[in-house]
Amino acid sequence: NIEKSVGFYSKLLDKKPSNIIEKRWADWENENNQIYFGLISKDATDCELTKGNNGVLGLYTDDIDKAFELCKDIGAKILYEPVEVPNSEDHYKCFAIEDYDGNKIEIAYYDK
């Protein structure tokens, strides 16, 4: 229930989401908009909802190709290569890595 989750994180982070896209996505960005935490609705993806797979720590980049090459160079486990999100109004393009502790991190570019 994304509405319930938005309420939970709004209270936890003591702020309303920076961005809400219908009942699909909500995120909270830090002051310089480089780091965000986002929630995605299971209805917005083809993925089956399993406990713990709908929240993501994200890092913003101005150059997604350069960020992808850097992640490969430093030995990050690539979960998926850069992909453009279809029908994205802000030209959202992202890829995901796993850090050395198994934490999933999304790295994305989008029009601000």
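1. The model is a predicted one.

2. Of the 112 residues in the protein, 30% count as buried. The accessible surface comes to about 7,900 Å², and carbon and sulfur atoms account for 50% of that area. Among contacts between residues at least 6 apart in sequence, 33% join residues at least 24 apart.

3. The largest nonpolar core has nine residues: I64, A67, F68, C71, A76, F95, I97, I105 and I107. Two or more of these residues come from each of α2 (64-73), β6 (93-98) and β7 (104-109). The helix α2 gives the largest share, four residues.

4. I64 is one of the residues of that core. With neighbours within four places in sequence left aside, I64 is in contact with K93, C94 and F95, and also with I107, A108 and Y109.

5. D90 lies in the loop that links β5 (77-84) to β6. Its side chain makes a polar contact with the side chain of S88, at 2.6 Å. Not counting residues up to four places away in sequence, D90 touches Y110 and D111.

Key:
Residues are numbered from 1 along each chain as its sequence is written. This is a predicted model: local features need pLDDT of at least 70, side-chain atom pairs count only at pLDDT 80 or more; totals for chains, interfaces and linings use all residues. Side-chain values use heavy atoms; hydrogens and water are left out. A nonpolar core is a set of buried Ala, Val, Leu, Ile, Met, Phe, Trp, Tyr and Cys residues joined through side-chain atoms within 4.5 Å. Buried means under 20% relative accessible area, exposed over 50%, partly exposed in between (1.4 Å probe, protein chains only). Contact means heavy atoms within 4.5 Å. A polar contact is a pair of N or O atoms within 3.5 Å; within protein, one must be able to donate a hydrogen and the other to accept it, and residues adjacent in sequence count only if both atoms are side-chain atoms. Accessible areas come from the Shrake-Rupley method with a 1.4 Å probe; for residues, only the protein chains shown count as cover.
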